[in-house]
Amino acid sequence: MLQGMNSFPPPDQKLTKWMVEIRRHLRRHPELSGEEHQTCRYIMNKLQELGIASRRVHHTGVLATIGNPAATDGIVALRADLDTLPIGEETGLAFASRVPGVMHACGHDGHVAMLLGAAALAHGALVDLTKREGPMARPTAPASISTRRCCPSEPRFWPKPLSPPQRSCKNNDR
């Protein structure tokens with residue numbers, strides 16, 4: 001177990017509500033792969049609210065650093081995909097997609113909200129989890145783009161090949 005892991009505070013009602021609002025905002029405003037410009041701005045604004053510096057990577061990705069940016073070992077990278085699918089949403093939910101023919105059918109809206117929640121906890125707890133964490137929102141699913149292309153200057157974030165191959169998302173209107 002990583003040193004300091006027990007120091008994380010449990011999520012409270014305020015954080016949970018914040019994460020739900022993020023997920024619902026992203027659900028209402030989906031963007032297809034390679035077009036996630038508004039989504040990136042939204043994520044960067046949320047990180048700025050937390051006092052976390054971030055930057056764009058590969059046009060529609062976001063990379064944020066918590067802790068010592070000069071650290072070269074002991075890095076923890078957290079990531080979430082941003083893209084959506086070209087599927088019309090017919091759920092009738094109050095926070096359903098407002099973009100005809102496009103929706104978050106794979107749960108990437110939830111992934112981004114959870115990643116921002118983790119960033120809030122890590123940053124707020126001021127815990128040294130081996131010197132550095134790097135929340136990273138990737139612009140497209142792993143099948144579409146590799147982390148090597150997303151962050152060519154960040155080889156420490158490059159994943160090892162997946163086994164077995166990752167499967168594609170199916171329509172999920174939850």
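Me: What percentage of the 174 residues of the protein chain count as buried?
Reply: This is a predicted model, where local features need pLDDT of at least 70, side-chain atom pairs count only at pLDDT 80 or more, and totals for chains, interfaces and linings use all residues. Residues are numbered from 1 along each chain as its sequence is written, and side-chain values use heavy atoms, with hydrogens and water left out. Buried means under 20% relative accessible area, exposed over 50% and partly exposed in between, with a 1.4 Å probe and protein chains only. By that cut-off, the buried share of the 174 residues is 39%.

Me: What is the average pLDDT of the protein chain?
Reply: pLDDT is the predictor's confidence in each residue, from 0 to 100. A score of at least 70 is reached by 61% of the residues, and the chain average is 74.

Me: In what order do the elements of the protein chain run from the N terminus?
Reply: Helices (H or I, at least four residues) and strands (E, at least two) are DSSP runs, numbered from the N terminus. The protein chain has 4 helices and 5 strands. Their order is α-α-β-β-β-β-α-β-α.

Me: How far apart are the end C-alpha atoms of helix H2?
Reply: The expected span of a helix is 1.5 Å times one less than its number of residues. For the 14 residues of H2 (residues 37-50) this gives 20 Å, which agrees with the separation in the model, 20 Å.

Me: Which residues of H2 are buried, and which exposed residues lie on the face turned away from them?
Reply: The buried residues of H2 are Thr39, Cys40, Tyr42, Ile43, Lys46 and Leu47. They cover an arc of only 165 degrees around the axis (taken from the directions from the helix axis to the C-beta atoms), so they lie on the same side of H2. The face turned away from this buried side carries the exposed residues Gln48 and Glu49.

Me: Which residues is Tyr42 in contact with, leaving aside its neighbours within four places in sequence?
Reply: Tyr42 belongs to helix H2 and counts as buried because its relative accessibility is 16%. Its C-alpha atom is 9.3 Å from that of His25, 17 residues away along the chain. With the sequence neighbours left aside, the contacts of Tyr42 are Glu21, Ile22, His25 and Leu26.

Terms used: Contact = heavy atoms within 4.5 Å.
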